[in-house]
Amino acid sequence: MTRTVYVNGDYVPEAEAKISVFDRGFLMADGVYEVTSVLDGKLVDFDGHAKRLERSLTELDMASPVTIDELLEIHRELVRLNDLTEGGIYLQITRGAPVDRDFAFPDPAEVPSSLVLFTQSKNLANAPAATTGISVISIDDLRWARRDIKTVQLLYPSMGKMMAKKAGADDAWMVEDGVVTEGTSNNAYIVKGGKIITRQLSNDILHGITRAAVLRLAKEAQMEVEERGFTIAEAQEADEAFITSATTFVQPVVKIDGETVGEGKPGRIALRLREIYIDESRKKAI
Ligand code: PDD
């Protein structure tokens, strides 16, 4: 089945989907995005993703071509047209395609934002990495200083994934001033003495939608949570480590820079959180 994607108001076969070479997303990475996961053909935490999208747009003074209600309809229509049961929906809004390349923002009254969405089918709930755990390396965090905005400037995170691959690992955790910020495309956590530790929210990290849900669920399950930075050395000495994102949910980390974490297998707390997160997501998905 050929995939149907959404481009600026139209549902079209992916091979026919087109964006201008002058689009500022293409020329300047002047765009924002969201990835919403789909379980049982339903959207997980659509509200959270929609709110963060609005915030990213506001921070960049970028207009949305559609309302949140319309976005919800587009998400649902894509799920339906592509018969998607499990995976994700990628959404991107850019500052549109002016007539020429120019550093100054175009007038939104003259240049409408571009909107693209597509589906990605993926095994999320039974991903093999959840049972084996993943390995990460540490790298310097060389990204810009507004990581709270979910922009499409993903070159450095892509380089980080390649550095990990070259080192025989699965992903990278980024470190700034000696402290872990986050993973290349996920938030990072450790567990010590039953306490879940993850970096506090600021402009230094993306405010993960999965992070918010997992921390809330952890507190509801009477688990202790501390929001603060931690070093790679502390993480290597931790009982457990894990990451969260819309594409991985809660995924255990079993090796950091070649050092085994805990017993070298997915930790009890990470697996418990994964289970309650997936259960709740299935119940609340719309
Ligand atoms: N990435 N931190 C970064 C840098 C991310 O790119 C992501 C998500 C997260 C987790 O956010 P959330 O829980 O809302 O997915 C944290 C998406 C999945 C991606 O780029 O594909």
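This is a predicted model: local features need pLDDT of at least 70, side-chain atom pairs count only at pLDDT 80 or more; totals for chains, interfaces and linings use all residues.

Colleague: What are the domains of the protein, and where do their bounds come from?

Modeller: The domain assignment gives domain 1 as residues 4-121 and domain 2 as residues 129-284. Such bounds come from an automatic or database assignment. The C-alpha centres of domain 1 and domain 2 are 26 Å apart.

Colleague: How many residues of domain 1 are in contact with domain 2, and what makes a contact?

Modeller: Heavy atoms within 4.5 Å make a contact. On that basis, 20 residues of domain 1 touch 21 residues of domain 2.

Colleague: How much area do domain 1 and domain 2 bury between them?

Modeller: About 1,800 Å² is buried between domain 1 and domain 2, with 61% of it on carbon and sulfur atoms. Tyr33, Leu39 and Arg52 supply 33% of the area that domain 1 buries against domain 2, more than any other three residues. The size of an interface is often expressed in this way, as accessible area lost when the parts come together.

Colleague: What polar links are counted between the two domains?

Modeller: There are three salt bridges between domain 1 and domain 2. Seven residue pairs are in polar contact across the interface. On the side of domain 1 that touches domain 2, the elements giving two or more residues are strand E3 (31-39), helix H2 (46-59) and strand E5 (87-94). Strand E3 gives the largest share of that side, with seven residues.

Colleague: Why is the pair Glu59 and Arg146 called a salt bridge?

Modeller: The term requires a side-chain nitrogen of Lys or Arg within 4 Å of a carboxyl oxygen of Asp or Glu. The closest N and O atoms of Glu59 and Arg146 are 2.8 Å apart, so the pair qualifies. A search of the whole structure finds 27 salt bridges.

Colleague: What makes Asp148 and Arg55 a link between distant parts of the chain?

Modeller: Their side chains meet in a salt bridge at 3.0 Å, N to O. Asp148 lies in the loop between strand E7 (134-140) and helix H5 (155-166), whereas Arg55 lies in helix H2, and the two are 93 residues apart.

Colleague: Are Asp148 and Arg55 buried, or partly exposed?

Modeller: Buried means under 20% relative accessible area, and Asp148 has 1%, so Asp148 is buried. Arg55 has 33%, which falls between the limits of 20% and 50%, and is therefore partly exposed.

Colleague: What does the salt bridge between Arg143 and Glu182 tie together?

Modeller: The closest N and O atoms of Arg143 and Glu182 are 2.9 Å apart. Arg143 is in the loop between E7 and H5 and Glu182 is in strand E9 (residues 179-183), so the pair ties together parts that are 39 residues apart in sequence. Both Arg143 and Glu182 are buried.

Colleague: How far apart are the N and O atoms in the salt bridge of Arg228 and Glu226, and why are these residues called partly exposed?

Modeller: The side chains of Arg228 and Glu226 meet at 3.0 Å, N to O. Arg228 has a relative accessibility of 26% and therefore counts as partly exposed. Glu226, at 25%, also lies between 20% and 50%, so Glu226 counts as partly exposed. Elsewhere, salt bridges that share partners join Asp141, Arg143, Arg147, Glu176 and Glu182 into one network.

Colleague: Why does Asp30 count as buried, and what does its side chain meet?

Modeller: Asp30 has a relative accessibility of 9%, under the 20% limit, and so counts as buried. Asp30 is in the loop between helix H1 (24-28) and E3. The side chain of Asp30 makes a polar contact with that of Arg95 at 2.7 Å. Beyond its neighbours within four places in sequence, Asp30 is in contact with residues including Met62, Thr94 and Phe105.

Colleague: How do you know that the span of helix H8 agrees with its number of residues?

Modeller: At 1.5 Å a residue, the 17 residues of helix H8 (residues 268-284) should span 24 Å, and the end C-alpha atoms are 24 Å apart, which agrees. The buried residues of H8 include Ile269, Leu273, Arg274 and Tyr277.

Notes:
Residues are numbered from 1 along each chain as its sequence is written. Side-chain values use heavy atoms; hydrogens and water are left out. Helices (H or I, at least four residues) and strands (E, at least two) are DSSP runs, numbered from the N terminus. The expected span of a helix is 1.5 Å times one less than its number of residues. Buried means under 20% relative accessible area, exposed over 50%, partly exposed in between (1.4 Å probe, protein chains only). Buried area is the accessible area (1.4 Å probe) that two parts lose on being put together, summed over both. A polar contact is a pair of N or O atoms within 3.5 Å; within protein, one must be able to donate a hydrogen and the other to accept it, and residues adjacent in sequence count only if both atoms are side-chain atoms.
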